[in-house]
Amino acid sequence: MEYSFYEIEQKWQKYWEENQIYNVDVDHNKPKYYVLDMFPYPSGAGLHVGHPLGYIASDIYARYKRMEGYNVLHPMGYDAFGLPAEQYAIQTGQHPAKTTDQNIKRYKDQLTQIGFSYDWDREIRTCDPKYYKWTQWAFLEMFEHWYNKKTNRAEPIEKLKDIFSREGNENVEASCNETEPFTAEEWNNMSEKEQQQILLNYRIAYLADSMVNWCPDLGTVLANDEVKDGVSVRGGFPVVQKKMKQWSLRVTAYADRLLQGLDRVDWTESLKEIQRNWIGKSEGADILFGVENSDTKINVFTTRPDTLFGVTFMVLAPESDLVQKLTREEYKDKVNQYVQEATSRPERERVTDIQKVTGEFTGSYAMHPFTGEQLPIYVSDYVLIGYGTGAIMAVPAHDQRDHDFAKQFDLPIVPVIEGGNPDEKAYDSLEGKVINSRFINDMKAQDAIPRIIEEIEKQGLGRKKVNYRLRDAIFSRQRYWGEPFPIYYKDGMPYPLDKSKLPLELPEVDAYKPTRDGKPPLARAKSWQTEEGYPLELSTMPGFAGSSAYFLRFMDPHNDEALVSKEANEYWRDVDLYVGGTEHATGHLIYSRFWNKFLFDIGWICEDEPFKKLINQGMIQGRSNFVYRIKGTNKFVSYNLKDQYEVTPLHVDVNIVDNDVLDIEKFRQWNPDFKDAEFILEDGKYICGVAIEKMSKSLYNVVNPDDIIENYGADTLRMYEMFLGPIDMSKPWDTNGIDGIYKFLRKFWRMFHDDGGNFNLSDEEPTTDELKILHKTIKKVKEDLDSFAFNTAISAMMICLNELGNDFNKRKILMPLLRLLAPFAPHIAEELWHRDGQEGTVVDASIPQYDEQYLKESTFTYPVAFNGKMRFKLDLPVDIDQEKVEKIVLNHEKSQKWLNEKKPKRIVFVPNKIINVVV
């Protein structure tokens, strides 16, 4: 019987589903292992061959751990709220739930036919009210908690109210917005609205004015990763910086714990470093600069207070409230125009565009805190409102962007650290001595820092401070397709909906775009209010809301009483292996770790860090093909002849190209413009050009996994994607190379069958050499599985079959090999397992173990050298002694040529290393 992959794969996928082979429950008799994929956003285009790369890797490992005896949780779900579905709804009027449901069905069909070992009974969708009930619940918990710096954890807001009523806020150490001090008496005499306003400054989920990326055409706020080069990634619409009242999550309260937690997880150092840089911890000082003829103080954070005497001007971020306050009347027109232009550029662009130096003078001067010297105050877009205080003290001799600004505006440059040439460029070093700096002169810069901070604090000019680049997460989106906030408004203040009312479900609306007066789409809903008539929040939560705790919900997805039960959480605890793309290295991983730590603080879960080990899979790149049209014609010239003509290269659909040879008739049918195309061929063929690019529909290089499965089978697809290269590296897809894996599986199949196609394994005892081949392979594959080197594991199995030979059919060798192959190619393994009459499923078979006795070598291949130059090799027993070595070497026919009838002076013998004959 020939290897009929289609029937085999259909048969066993049905069997696995009907028998719920991959469904798991809490089982205290087995150790747990939790394998998780970063779940996908289901687009209408479905999967291309690049998407399953990480899923295949995690599935192989999940199967491997199950065969090692673990109770493996391996779930899948969908990040189902998203802007694409909403934009489609705006354009067509079709409810985004319908589009999303269709997309999910397409994704699930594709995932199923690849043979993943997902527990589909645990499937979740973030747009399902039964799921987002718990996202809303978590938000309310954050609304009802504050972060106590003394205990270093979140605590109930009721406890804070009690402290305020007894002591006021002077002794409270909290992560909070700037708040004026008040006494207990003042608090107790405040109105309810005044108290609620103050509590908003302390809540972990809070409402406040924030600078956001506002996209007028989309009518919503966008996250930083949804903006590129000043326009929205979706649609390419202009994006401006705008101050709006938005919900935010106080992620910054957890900044230090987010840093410390990185020391306890098994992630790559490069990924940890990305997170450390994103959090951006820096130690320095807040310094107050007075303003001439004003009571205003400019608060500046600096990591280099030792350079304070090198300050020659001040710069404000365009978004700073101080700009309008300090700009003199005669400068306002220019400054206002500049601010408008600057705030239209996203922060990321402003940071990276170091060539462009712009700014405007406000007309005001700050006063140096020690010298009293006048310092002109400018506004410039290289200063960001989100980092520090939105104002900087400019030290052009020792900061390059300050230096560039000073050169552009002809401002003084005063060196205060020895070394470098500040006339040419800034010199940033902690190694040199301090100069031109009064009481810290001649000190090393690093020693001067604590000394000047001491003096700053002594004179009341500022204080020592730790700062973070990490910002609080803006949590509002002016969209329809997202989780509704469980918040209503009374007297203009936000109040939490009672948790018994959850989930607060999305209402029906007549259109999915903002109202005419610019309100979010939820303003279109009829009776969007509480039973008492209080209006509900009109914004919805962002995309990352639903993905911030989904790993916890997978532990207990059908629980109506809690996000996750205590029993389920204490058993599954955390994710042992998390696989996903590097694009989530900051946003998702920061937010989900923050979310997890908050839930840990309030006692709902038992682990502080959610993801023990994390692997970022690389990208499968597209292998693009090109045709070459002779300019001004509809004639195409083959690749190797193109230099003889003036041509325009055009991308062509890779699915009508085979081994870089174009199917001319399919090409004519592919595009009506080419139906009458003519061709200049080489050797009767049209050869296409090749380039490695991102896999994209616009480049016509997308390969559909459905086509690969139809032609070669799911097991071939699984193994080929792993065989392309290391899991964490990017590599090009080349369908031409898939045949090698397909031939390997067919060869494996034939070894279990006789020439007539009948299942036929021999019970003949294997030889020592055959056992050595087997156990060497088991050791190599297991080591590679443990280190996620799937490509070399597959190579080892290929080598094994070649060493055994085509006619090999001994059961005691092939059945262990079958179990070894099962995680990689589960369908063929399941079929052969049952054909051999085995009980149950290969999924629950044990992974084979190697025996050390078969790994010991009985011989060693010695290089035999004469006067230090290797001349030939000898296979000798590993336990041979010096006397026998000398006898064999001297009598060997090849030795006579190099001895030339001379007697050797000595023979150097190093066991299991070398033999050297000294003549």
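Predicted model: local features only at pLDDT ≥ 70, side-chain atom pairs only at ≥ 80, totals over all residues.
Helices and strands here are DSSP runs, numbered from the N terminus.

**Backbone features in loops**

Pro 503 sits in the loop that runs between β20 (493-496) and α16 (543-547).

Asn 293 has a phi near 60 degrees, a positive value in a residue other than glycine. You will find Asn 293 in the loop between β11 (281-291) and β12 (297-302). Its relative accessibility is 79%, so Asn 293 counts as exposed, the cut-off for that class being over 50%. Asn 436 is not a glycine either, yet it has a positive phi of about 55 degrees. This asparagine belongs to the loop between α14 (400-409) and α15 (445-458). With a relative accessibility of 47%, Asn 436 counts as partly exposed.

**Helix α5**

Helix α5 covers residues 129-143, and its length can be checked with simple reasoning. At 1.5 Å a residue, its 15 residues should span 21 Å, and the end C-alpha atoms are 20 Å apart, which agrees. The helix is mostly covered, with 13 of its 15 residues buried. At the start of α5, Asp 128 places a side-chain oxygen within 2.9 Å of the backbone nitrogen of Lys 130.

**Salt bridges**

Side chains of opposite charge can pair when their charged atoms come close. In this structure there are 61 salt bridges. Here are three of them, with their N to O distances.

| Pair | Distance (N to O) |
|---|---|
| Arg 328 and Glu 330 | 2.8 Å |
| Asp 660 and Arg 623 | 2.6 Å |
| Glu 783 and Lys 779 | 2.6 Å |

Arg 328 counts as partly exposed at 40% relative accessibility, while Glu 330 is exposed, with a relative accessible area of 54%.

Glu 783 and Lys 779 are both in helix α24 (residues 768-786); they are four residues apart and therefore separated by about one helical turn. An α-helix has 3.6 residues a turn, so residues three or four places apart point the same way. Glu 783 counts as partly exposed at 40% relative accessibility, and Lys 779 is partly exposed too, with a relative accessible area of 25%.

Salt bridges also join up into a network, which links Arg 257, Arg 264, Arg 593, Lys 597, Asp 601, Asp 608 and Glu 609.

**A nonpolar patch**

Together with Val 908 and Val 910, Ile 914 makes a nonpolar surface patch of about 170 Å². Ile 914 has its place in strand β34 (residues 914-918), and at 31% relative accessibility it counts as partly exposed.

Notes: Residues numbered from 1 in each chain as written. Heavy atoms only, no water. Helix = DSSP H or I, 4+ residues; strand = E, 2+ residues; numbered from the N terminus. Expected span 1.5 Å × (residues − 1). Buried < 20%, exposed > 50% of the residue type's maximum accessible area, 1.4 Å probe, protein only. Polar contact = N/O pair within 3.5 Å; in protein donor to acceptor, adjacent residues only side chain to side chain. Patch = residues over 30% accessible without salt bridge, like charges linked within 9 Å, V, L, I, M, F, W, Y side chains within 5 Å. Areas by Shrake-Rupley, 256 points an atom, 1.4 Å probe, with all protein chains shown as cover. Salt bridge = Lys/Arg side-chain N within 4 Å of Asp/Glu carboxyl O.
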